[in-house]
Amino acid sequence: MPKLRLYNSLTRKKEEFTPLDPSHVRVYACGPTVYNYAHIGNARMAVVFDLLANVLRSIYPKVTYVSNITDVDDKIMVAAKESGEAIDVITRKFEKIYNEDMAALGVAKPDVQPRATEHIPEMIALCEALIKRGHAYEAEGNVLFNVPSFAAYGGLSGRSRDEQIAGARVDVAPYKKDPADFVLWKPSAADQPGWDSPWGFGRPGWHIECSAMAEKHLGLPFDIHGGGADLKFPHHENEIAQSCCAHGKDDDLSAFAKMWVHNGFVTVGGEKMSKSLGNFLLVHDLIEEFPGEALRLTLLSAHYRQPLDLTKEKIAESKRILDRLYRTLYDLRDVQISKSPAVADIEFQEALLDDLNTPQAIAVLNQISSASANDAEEKKTLLAAGGMLGLLQQNPAKWLGYDVSGDNDVEKLLAERTEAKAAKNFKRADEIRDEVKALGFTIEDTPEGPKARKI
RNA sequence: GGCGCGGUGGCAGAAUGGUGAUGUAGAGGACUGCAAAUCCUCGUAUCCGGGUUCGAUUCCCGGCCGUGCCUCCA
């Protein structure tokens, strides 16, 4: 069986992936907090783990991929106050938009997409377990995780306790036993979202929801936990602390998830997106301007751990690459193929199995597209390889804009131009080309006659 | 300040201790009435300085530059 190699953030090494249970691979990736339109950083995470799930499915019989929706968070409360909309209206709205936008990028919905608000009892149970084991304490309606109680804390991000304190710029709440302690549960005012708990009316802190949802839907330990690189600290560090300590695994960082996979950032203009710079790129806007598939290819054009600087020029270039690949498929449109094979191409597969080396995989895809020893093989392989990457599954004629049926004006002009050409009236033929262009089409003369293509 | 990542052709971007992929842009050519597409050809690309080595873009050390995390963040 082919083996996947993945860079494990926990060990800082590329490792061979060995599932805990080869008959059922379990993956969790931190999803979005739904209070605004998804930006391209959210999209990169979704595309990367969608691809990882595809690759795992190609070599293991069963894969469960869980990615959550965080629908309780102070940022959502702020957004609600600003817009005047109810919190659940906002979260449902942006959850829906998130899923629609990701679908436009060819991202399949995760096998399970749990909502934080539907796992409050599990979070409360985790808090209770942590208190019982002496890893958490109550103070003024808060439940706090006591960081010094977990000696292995900081192992994922490589931070010693001294460094954390030295680097801390946050005000330390007076009720904290230790400056590094973080909130598991906090009190809510009557007008804030909250749930009854042993510590009064309150709501979860930021990190506990992922611990609860991952455990509920995958069981512990599970195989791979993923997310954006910025989540490593403190979010993932704290997830590990909560989940390991709640189950008495005080000395084993991998008792929660065996491997940690982090995707790199998307930058705009060489800098991280931020509100102050005003350089946020939203998926919602980009897919108005470009096909979602072009954006997906752009997101896959750099290795997932590398930073990716996204520009519109780059998306446009991806579009041109897809044009060429779809043209290859269009040229093979009459070639009959049997069902696509599970393994597209050995080199292609090896590229992806080597820590999801998508640039290499795309290079192989290009080679397949230009080297055509056997048309049926070529078509089959392109479709299979493209499918693995979430690309090339559309109708080539439609993608290329050859589908002009029903446009009588264009068809009439094409016929007229054919006549003009037959009469060697090239002046008129060129005029018609301009007229058709004004209608939004370009004319391509082919052995089968002229074709209009939507620009 | 602490920790990390990166600097490869115009641009994007892999890989590698010994002929440096792939794409895109550009140039030339074939084909075409002209185009488009396709095909062929082309380009003095591994940040700088040391070290290890028969050999370094690759490994090590030191610079310089860029960027990220340390605070909400995918």
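Lys 216 forms a salt bridge with Glu 122, the closest N and O atoms being 3.0 Å apart, where a salt bridge is a side-chain nitrogen of Lys or Arg within 4 Å of a carboxyl oxygen of Asp or Glu. The pair links distant parts of the chain, with Lys 216 in helix H6 (residues 208-218) and Glu 122 in helix H4, 94 residues apart; helices (H or I, at least four residues) and strands (E, at least two) are DSSP runs numbered from the N terminus. This is a predicted model, in which local features need pLDDT of at least 70 and side-chain atom pairs count only at pLDDT 80 or more, while totals for chains, interfaces and linings use all residues. Residues are numbered from 1 along each chain as its sequence is written, chains are lettered from A and ligands numbered from 1 in the order in which they are written, and side-chain values use heavy atoms, with hydrogens and water left out.

Lys 216 is partly exposed at a relative accessible area of 46%, and Glu 122 is partly exposed at 23%; buried means under 20% relative accessible area, exposed over 50%, and partly exposed in between (1.4 Å probe, protein chains only). The structure holds 24 salt bridges, among them that of Arg 92 with Glu 118, whose closest N and O atoms are 3.8 Å apart. Arg 92 belongs to helix H3 (residues 87-104) and Glu 118 to the loop between H3 and helix H4 (120-132), so this pair ties together parts that are 26 residues apart in sequence.

Elsewhere, four strands form an open sheet in the order S5-S6-S7-S8 with antiparallel pairing, two strands being paired if DSSP finds at least two bridges between them. Strand S5 (136-139) and strand S8 (202-204) stand at the edges with a single partner strand each, so one side of each is left without a neighbour in the sheet. Three bridges join strand S6 (residues 142-145) to strand S7 (residues 182-187), and Val 143 stands opposite Trp 185 in S7.

In helix H15 (residues 408-422), Val 410, Leu 413, Leu 414, Arg 417 and Ala 420 are buried. They cover an arc of only 125 degrees around the axis, which puts them on the same side of H15; the arc is that of the directions from the helix axis to the C-beta atoms. The face turned away from this buried side carries the exposed residues Asn 408, Lys 412, Glu 419 and Ala 422. Just after H15, Lys 424 takes a positive phi of about 60 degrees.
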